[in-house]
Amino acid sequence: MLADIVEFLVCPVCADRMALGERALRCPAGHAFDVARQGYVSLLTGSQVPGTADSPAMVAARDAFLGAGHFDPLAEAVADACRTAVAGAGPAAADTTAEARPGDACADAGTTGGDAAGPVVADAGAGTGHYLARALDRLPGAAGIALDVSKHAVRRAARAHPRLGAVVADVWRPLPVASGAVDVLLNVFAPRNGAEFARILRPGGVLVVVTPTVRHLEPLVDRLGLLSVDESKERRTAESLGGRFTLSGRSVHEFSVRLRHADVEAVVGMGPSAWHVDAEVLRRQITELPDTSTVTASFHISTFKSHP
């Protein structure tokens, strides 16, 4: 819930700390942001809607596919990575006090005060909150911040876990999170903003990045004409972090899933190929597949430690 994370949020207008009042978040300067009846808050400013936000159909497809358990081995591996990161941090993970860094937009009021009872795990590009919720299950006492640019996704994320607060925010803008507030930051199939990720993580905090390998969704990629994964993706992932992190580990997680036609339509509809395929053509192609297809799910999980 938002009450679990409000102390880690900052106003997107003035970067001051926020307080949760009656149906709204407010900063001392009087900037107010309504809390939706579903329990989330939008901290986007301006009238322009980001063009990369997942549509209701994409969010529904993701919720159905992940809810069916097809990617459960990945969710467990991500949760394990989060638990390992917190355990490796020792007592510091329970004390998120951090001094403001020179030049931070949030350098004064927007720095954590160290009053958190447990670690803070955020997910930039959280979608429906599926992976963050699984991580929180492994970390009793941790608070979770789900950040996504799609209000449709955040609406579902707000219900994903009792200790999760959901916020509409754009990863390409300054994130409405206090400097040094986060112990572990997840980034699962989502864009990366190295400067902002480094700012909101405490010194020595851990970034967990999940990306598909070139084998992901074989043989559907060829049979359905889906977007393929660039072989240089891992190099570009490291470059996108701008030298602010050190790679501390990388592993490949690969397993097979058996998908019926509805599952195939959902896995395509929840990913980037949804923007590039014609829905009617896709359905026609899917009917030509066997009733059940064996599909490869293949991912890199990379962990990075933020520089002090």
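Buried here means a relative accessible area under 20%, exposed means over 50%, and partly exposed covers what falls in between. Keep that in mind for the close-ups below, which come from a predicted model.

**View 1. D170 and R173 form a salt bridge.** The closest N and O atoms of this pair sit 3.7 Å apart. Is D170 buried or exposed? With 13% relative accessibility, D170 counts as buried, because the cut-off is under 20%. R173 comes out at 26%, so R173 is partly exposed. A search of the whole structure turns up 14 salt bridges.

**View 2. R134 meets D72 in a salt bridge.** Here the closest N and O atoms are 3.1 Å apart. R134 belongs to helix α4 (residues 130–138) and D72 to helix α3 (residues 72–89), so this pair ties together parts that are 62 residues apart in sequence. R134 is buried, at 17% relative accessibility, while D72 is partly exposed, with a relative accessible area of 28%.

**View 3. R134 also has a salt bridge to E76.** The N to O distance for this pair is 2.5 Å. Again the link runs between distant parts of the chain, with E76 in helix α3 and R134 in helix α4, 58 residues apart. E76 counts as partly exposed, at 28% relative accessibility.

**View 4. Eight strands make up an open sheet with mixed pairing.** Reading across, the order is β4-β7-β6-β5-β8-β9-β11-β10. Which strands stand at the edges? They are β4 (41–42) and β10 (245–260); each has a single partner strand, so one side of each is left without a neighbour in the sheet.

**View 5. Strands β6 and β7 run parallel, with helix α4 packed on the sheet.** β6 (residues 143–148) and β7 (residues 164–168) pair over five bridges, and D148 stands opposite V168 in β7. Helix α4 touches β5 (120–124), β6, β7 and β8 (182–188). The direction of α4 makes about 170° with that of β6.

**View 6. Residues 10–44 carry a domain annotation from UniProt.** The unreviewed entry lists this stretch as "domain: 23S rRNA (guanine(745)-N(1))-methyltransferase N-terminal". In the model, residues 10–44 are 0% helix and 29% strand. The end C-alpha atoms of the stretch lie 12 Å apart.

Note on methods:
Residues numbered from 1 in each chain as written. Predicted model: local features only at pLDDT ≥ 70, side-chain atom pairs only at ≥ 80, totals over all residues. Heavy atoms only, no water. Salt bridge = Lys/Arg side-chain N within 4 Å of Asp/Glu carboxyl O. Helix = DSSP H or I, 4+ residues; strand = E, 2+ residues; numbered from the N terminus. Buried < 20%, exposed > 50% of the residue type's maximum accessible area, 1.4 Å probe, protein only. UniProt positions renumbered as here; feature names shortened; annotations may be inferred. Pairing = 2+ DSSP bridges. Contact = heavy atoms within 4.5 Å. Axes fitted to C-alpha atoms, helices over the stretch in contact; angles between N-to-C directions.
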